[in-house]
Amino acid sequence: RVIGASVDDPDVQRLLQISREMVAASNRHDMRAALKFYSPAFISGDNMDLPQIRELVKETWQLYPDIQYQSDVLEIRMNGDWATLE
């Protein structure tokens, strides 16, 4: 479901592509590619900065070397140059 744009909108399609790229990079355990879409100033909802997230992901991949991720986009909300994916 897309709110504020059409599912065929190029920006919506780019967001979906970015989501697929992030999952694919994570499944390859390619840290650089997995985190390239994040701002260096990113802070998670758990108040973790990017270096902390990088360390957590690194530890996860070491503990679970066969881990594979899947992400299903349930909703995209667009408003001008702002968007969220759920």
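I sort residues by relative accessible area: buried is under 20%, exposed is over 50%, and partly exposed lies in between (1.4 Å probe, protein chains only).

I am working with a predicted model, so I take local features only at pLDDT of at least 70 and side-chain atom pairs only at pLDDT 80 or more, while totals for chains, interfaces and linings use all residues. Residues are numbered from 1 along each chain as its sequence is written, and side-chain values use heavy atoms, with hydrogens and water left out.

**Entry 1, salt bridges.** My rule here asks for a side-chain nitrogen of Lys or Arg within 4 Å of a carboxyl oxygen of Asp or Glu. How many salt bridges does this rule give? The count comes to five.

I started with Arg1, which forms a salt bridge with Glu75, with 2.7 Å between the closest N and O atoms. Which parts of the chain does this pair tie together? Arg1 sits in the segment before β1 (2-3) and Glu75 in the loop between α3 (50-63) and β2 (76-79), so the bridge links parts that are 74 residues apart in sequence. For the element names, I follow DSSP runs numbered from the N terminus: helices are H or I with at least four residues, strands are E with at least two. Next I looked up accessibility: Arg1 is exposed at 65%, whereas Glu75 is buried at 13%.

I find Arg77 partly exposed, with a relative accessibility of 26%. Shared partners join Arg1, Glu75, Arg77 and Glu86 into one network of salt bridges.

I then turned to Asp30, whose salt bridge is with Arg28 and has its closest N and O atoms 3.6 Å apart. Asp30 is partly exposed at 26%, and Arg28 is exposed at 52%.

For rings of Phe, Tyr and Trp (its six-membered ring), I call a pair when the centres lie within 6.5 Å; planes under 30 degrees apart are stacked, over 60 edge-to-face, and the rest tilted. This gives one aromatic pair. Tyr38 is partly exposed at 29%, and Phe42 is partly exposed at 28%.
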